[in-house]
Amino acid sequence: MTDPFSPLSLQHGPNWSNRFMLAPLTNLQSHADGTLSEDEFHWLTKRAEGGFGAVSTCASHVRERGIGFPGQLGIWSDKHLDGLSRLADALNAAGTHSIVQLHHAGMRTPQDLIDAPPECPSDNEKHGAKALTTDEVERLKDDFIAAAKRADKAGFDGVELHGAHGYILSQFISPKINHRDDQYGGSLENRSRILFDLIEGVRAVCRADFSLGVRLSPERFGMQLGEMIEIVQRLFADQTIDYLDLSLWDTFKMPQEEAFQDKSLLEHFTSLERGAVRLGSAGQISTAADVRRALDAGLDFAILGRSGILHHDFPEKMRANPSFEPAALPVSRAHLQAEGLGPAFIDYMSSWDGFVASDGDAP
Ligand SMILES: Cc1cc2nc3c(=O)[nH]c(=O)nc-3n(C[C@H](O)[C@H](O)[C@H](O)COP(=O)(O)O)c2cc1C
């Protein structure tokens, strides 16, 4: 069995001190112009100090018009560099592998946050989104690559491309959303072209020891599991990325598609030959026992979302107590405040069903 406290080496960038990654977590704490706030700095550096081997920022938009949330961290302009550099310095000093998640919300950009229709691979009536021209897709790629370069300049150890959850990169991959007839639409090769171009582009402009991860979610938003497996096979065959972050929402679930129910969703990926590409998964890895189960299932690392919100020092807690379980839900605002969440993040977590106790029923 993989020891959760053993280091993890990557093809590029510093080793992770252990097998725990803090998931990218939107927290709505940045300033309105996307610059880093004290609350966001505090929330993330506390996780690094709490022993996570890798810490990712929330989804950070690479283009002003690609914003997905109010109070989202921005990486679309050099004006974000000061805050990002300060964050990278502090994360690195705490000994974690520091990562920025690069994001564009595509058709999911809320219209009230931009004075224009959201951008999308194809026109989308439901979201009032407009298709990008071929030239605009090239500019979009430039913005992702410029953002990666900015993360490199700020001193982060690496970036992760957000190709999950129905945001712009998965909108390109989705045959349900992408109806383009240029080189970015049609065949799977064309629909995934932007992802592979970005991988090549980021590698070309960033320093040699800069890590590069990709997050994918193989279901929902029109994703076809068979196609996602093909994409992952290609990522593993290329050996260009350092790690794949699978966002499954439940790491141990069965696939939705009947044709693939011979094994768990995760096993469809752990069973592929992955060479030196590291594999992690997020989704209901909540207790110390879940972490061990995830690693036993063949993952190289475990990605923690809500348990990392509940306990800034989950890895340290698990080291001290191999049967560690997080605080029972709902938790009080005071608990989350003590764990380093600012008021905006606590308000956001109140919108997640059953997470934060409403006044009166605080435990
Ligand atoms: C509050 C919150 C914010 C999230 N923000 C992001 C995000 O910015 N980017 C992303 O890829 N996933 C995001 N996710 C998904 C998490 O990264 C993770 O995959 C998910 O929470 C499942 O892990 P868990 O069961 O350990 O919470 C978010 C989840 C939560 C609960």
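**Helix α2 and its neighbour α1**

Mentor: Let's start where two helices touch: F41, L44, T45 and A48 in α1 meet R86, L87, A90 and L91 in α2. Keep in mind that this is a predicted model.

Trainee: How do you know that the span of α2 is close to the expected one?

Mentor: Helix α2 covers residues 81-93, which is 13 residues. The expected span is 1.5 Å times one less than the number of residues. For α2 that gives 18 Å, and the helix reaches 18 Å from its first C-alpha to its last.

Trainee: Which residues of α2 are called buried, and what does the word take?

Mentor: They're G83, L84, L87, A88 and L91. To be buried, a residue needs 20 or more other C-beta atoms within 10 Å of its own.

Trainee: Why do we say those buried residues line one face of α2?

Mentor: Seen down the axis of α2, they fall within an arc of 130 degrees, so they line one face. In general, an α-helix has 3.6 residues a turn, so residues three or four places apart point the same way. On the other side of α2, D82 and A93 are exposed.

Trainee: What do the buried residues of α2 pack against?

Mentor: They pack against α1, β2, β3 and α3. And just after α2, G95 takes a positive phi of about 90 degrees.

Terms used: Residues numbered from 1 in each chain as written. Predicted model: local features only at pLDDT ≥ 70, side-chain atom pairs only at ≥ 80, totals over all residues. Helix = DSSP H or I, 4+ residues; strand = E, 2+ residues; numbered from the N terminus. Buried ≥ 20, exposed ≤ 12 C-beta atoms within 10 Å, placed from the backbone. Arc of directions from axis to C-beta. Contact = placed C-beta atoms within 7 Å.
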